Structure formats: structure tokens, C-alpha cells
Amino acid sequence: MTLDQLRPYVSRFLDPFVAGFDRIGLTPNGVSVIAFGMAMLAGVAFLLGGRAHPVWYLVGAVLVFLNGWLDVVDGALAREQGVASPGGDLLDHVLDRYADIVVIGGLAAGIGNYYLGFLAVTGVVMTSYLGTQAQAVGLDRVYGGAVGRADRLAIIGIVGALAYPITGTYGGLGLIGWLLLFLATVGHLTALQRFFYSWSALN
């Protein structure tokens, strides 16, 4: 089970945030854009964490958690306002993919390891693609596999926070390097899991 599958169970914790955003007139699309803004700032913070001072990793971790939380709130707000639509879903998914790319790009650029960054980004993008492609061919959207987006953001946030006090190198890689290697490995593994699940369901 991935954290994405727990979304229906956290709805009661969203109510105060949904009510607050609704009260000040924010739309779900507006929340999605703000969430993307948090991801962009996280990418910059992770870049600075590798090149300037590791305290920026802690800042990036907080921003990643905010991105993930707002990504849950926007859907709940759409349902509350009765404006859920295919267009809003499209915008949300497009911004999520760009957010993933920016965050991982910032991590990779900060340590100058673009090879691991490429592997991690492609794994993450393919994981998300296989999840929505299943829906495009007539199945339900697939959230299963080793690691979903919510899991990924939680792991990035936790490791990002740990990268502030832990700055050593282990097995030739620092903590961020191992994070990128993990994202690359489980990303492609999850994509393959989702592919074979969908393939079996269609045949």
C-alpha cells in the first residue's frame, strides 16, 4: 500500500484548511498553482543546500511537505466547491509532474550529479505516467506499486531534513546522492509494477 491510497482517510483533517481557503476565495486551481510555487522554491532551496549551506536542505524539506499537503487540499476544495472538472484534474497533474522535475532537478544540481538526477526524474515521471495511462485505457487510476507520489514527497522531505545535520559521504555518495539513487530505483520499479498490473488487467 502507498500513501496515495490513504487519501480518503485523511479528509477530516483537511476540513479546516478547505474551509479557510474557501472563505478567502481561493479556487482549487489557485491552490494547485500555490503548491507548484512551493515546489519551485523547494528546488531552489535544495540547490542552495548543496552549493551554499546545508541549512537550505531543511528549508527545502518544509517546502516539499507544504507542496504535498496543498496537493491533497486542492482536490478536497474542488469537491467542497462543486467545481471538480477534467480541466482541473489536468492542471493538477501537469503541475505535479513539473513539481517533481523541479524538486529532483534541484537536488541533483545541488550536488552536481546530473546522471543520478536523470535516472531519478525519468523513474518518477514514468511512475506517474503509468498511473494515469491505466485510466486512459479504461482501467481505474493506478496508485499501487512500491512508491507513490505521497510516499516520494514524504521520503524527500525526511531525507532533506536529515541532510542538514548529516553531511558525510557513505559509499561514495552523500545523503542526497543516496536519495536520488533510491528514487531512481524505486521509481522505475514502481513504473514496471504498474505496467504489469495494467497489462494483466487488460489481457
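Predicted model: local features only at pLDDT ≥ 70, side-chain atom pairs only at ≥ 80, totals over all residues.
Reader: How are the helices defined, and at what angle do H2 and H4 pack?

Author: Helices (H or I, at least four residues) and strands (E, at least two) are DSSP runs, numbered from the N terminus. Axes are lines fitted to C-alpha atoms, for helices over the stretch in contact, and angles run from 0 to 180 degrees between N-to-C directions. Here helix H2 (residues 28-51) packs against H4 at about 5°, and their axes are 7 Å apart.

Reader: Are H2 and H4 roughly parallel or roughly antiparallel?

Author: Angles under 35 degrees count as roughly parallel, over 145 as roughly antiparallel, 65 to 115 as roughly perpendicular and the rest as oblique. H2 and H4 are therefore roughly parallel. Contact means heavy atoms within 4.5 Å; among the residues that meet are Ser32, Phe36 and Leu47 in H2, and Asp92, Leu95 and Val103 in H4.

Reader: How do the axes of H4 and H5 cross?

Author: The axes of H4 and helix H5 (residues 114-136) come within 9 Å and cross at roughly 165°, so the two helices are roughly antiparallel. A crossing is left-handed if the near helix is turned anticlockwise from the far one by less than a right angle, and right-handed if clockwise. The crossing of H4 and H5 is right-handed. Residues making this contact include Ile101 and Ile104 of H4, with Val121 and Val124 of H5.

Reader: Is Val121 buried or exposed?

Author: Buried means under 20% relative accessible area, exposed over 50%, and partly exposed in between (1.4 Å probe, protein chains only). Val121, a residue of helix H5, has 18% relative accessibility and therefore counts as buried. Not counting residues up to four places away in sequence, Val121 touches Ile101 and Ile104.

Reader: What is the handedness of the crossing between H4 and H6?

Author: H4 passes H6 in a left-handed crossing. Residues of H4 in the contact include Asp96, Arg97 and Asp100, and H6 contributes Arg149, Arg152 and Ile156. Helix H4 (residues 86-111) and helix H6 (residues 149-162) pack at about 25°, with axes 12 Å apart, and are therefore roughly parallel.

Reader: Which residues does Asp74 touch?

Author: Asp74 lies in helix H3 (residues 55-81) and counts as buried because its relative accessibility is 4%. Leaving aside residues up to four places away in sequence, Asp74 touches Pro28, Val31, Ser32 and Asp92. A polar contact is a pair of N or O atoms within 3.5 Å; within protein, one must be able to donate a hydrogen and the other to accept it, and residues adjacent in sequence count only if both atoms are side-chain atoms. The side chains of Asp74 and Ser32 are joined by such a contact, of 2.7 Å.

Reader: How many aromatic pairs does the model contain?

Author: Rings of Phe, Tyr and Trp (its six-membered ring) pair if their centres lie within 6.5 Å; planes under 30 degrees apart count as stacked, over 60 as edge-to-face and the rest as tilted. By this rule there are four aromatic pairs. The rings of Phe17 and Trp69 have centres 5.2 Å apart and planes at 75°, so this pair is edge-to-face. Phe17 belongs to helix H1 (residues 11-23) and Trp69 to helix H3, so the pair ties together parts 52 residues apart in sequence. Phe17 is partly exposed at 39% relative accessibility, and Trp69 is partly exposed at 30%. Elsewhere, ring pairs link Phe195, Phe196 and Trp199 into a cluster.

Reader: How far apart in sequence and in space are Val55 and Gly160?

Author: Val55 and Gly160 are 105 residues apart in sequence and 9.7 Å apart in space, C-alpha to C-alpha. Val55 is found in helix H3 and counts as partly exposed, at 30% relative accessibility.

Definitions and conventions: Residues numbered from 1 in each chain as written. Heavy atoms only, no water.
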